[in-house]
Amino acid sequence: MEGQISEGVKDIMGGKVLDYEAKKIKMEGLEEGISQGITQGMQLTLINLVREGLLSAEEAAKRLNKSMAEIKLLI
């Protein structure tokens, strides 16, 4: 029965993908989460380089567009 319903819906809809509000919100949230994750990963990498003495705190601040006070808090 479920297969018949699914096939019936496909026939009626013509196989088109609907873009509905909940799907749009989910995709926007996913994109935002990915962007935040990338930013946090870059920040963590630069801070770890500073902690290991491979990058100066000033250079990390410049690359992250943060003040030295913010960098010191992160370190």
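Modeller: N48 lies in helix α2, where helices (H or I, at least four residues) and strands (E, at least two) are DSSP runs numbered from the N terminus. At 29% relative accessibility, N48 counts as partly exposed, a class that falls between buried, under 20% relative accessible area, and exposed, over 50%, with a 1.4 Å probe and protein chains only. The C-alpha atoms of N48 and L74 are separated by 9.7 Å, although the two residues are 26 apart along the chain. This is a predicted model, in which local features need pLDDT of at least 70 and side-chain atom pairs count only at pLDDT 80 or more, while totals for chains, interfaces and linings use all residues. Residues are numbered from 1 along each chain as its sequence is written, and side-chain values use heavy atoms, with hydrogens and water left out.

The helix that holds N48 has 31 residues and reaches 45 Å from its first C-alpha to its last, close to the expected 45 Å, the expected span being 1.5 Å times one less than the number of residues. In α2, residues L46, I47 and V50 are buried, and the buried residues of this helix pack against α3 and α4, contact here meaning heavy atoms within 4.5 Å. M27 also lies in α2 and, at 38% relative accessibility, counts as partly exposed. Together with L30, I34, I38 and M42, M27 makes a nonpolar surface patch of about 480 Å². Such a patch is made of residues with over 30% relative accessible area and no salt bridge, nonpolar side chains (Val, Leu, Ile, Met, Phe, Trp, Tyr) being joined within 5 Å and like charges within 9 Å. After α2 comes G53, whose phi is positive, near 80°.

One of the partners of α2 is α3, which spans residues 57-64 and has A57, A60, A61 and L64 buried. Seen down the axis of α3, these buried residues fall within an arc of 100°, so they line one face of the helix; the arc is that of the directions from the helix axis to the C-beta atoms. They pack against α2 (21-51) and α4 (68-74), whereas the face turned away from the buried side carries the exposed residues E58, K62 and R63.

R63, with a relative accessible area of 55%, forms a salt bridge with E59, the closest N and O atoms being 2.9 Å apart. A salt bridge is a side-chain nitrogen of Lys or Arg within 4 Å of a carboxyl oxygen of Asp or Glu, and by this rule the count comes to one. R63 and E59 are four residues apart in α3, and are therefore separated by about one helical turn. E59 is partly exposed, with a relative accessible area of 24%.

Most residues other than glycine have a negative phi. N65 is exposed, with a relative accessible area of 71%.

How values were computed. Accessible areas come from the Shrake-Rupley method with a 1.4 Å probe; for residues, only the protein chains shown count as cover.
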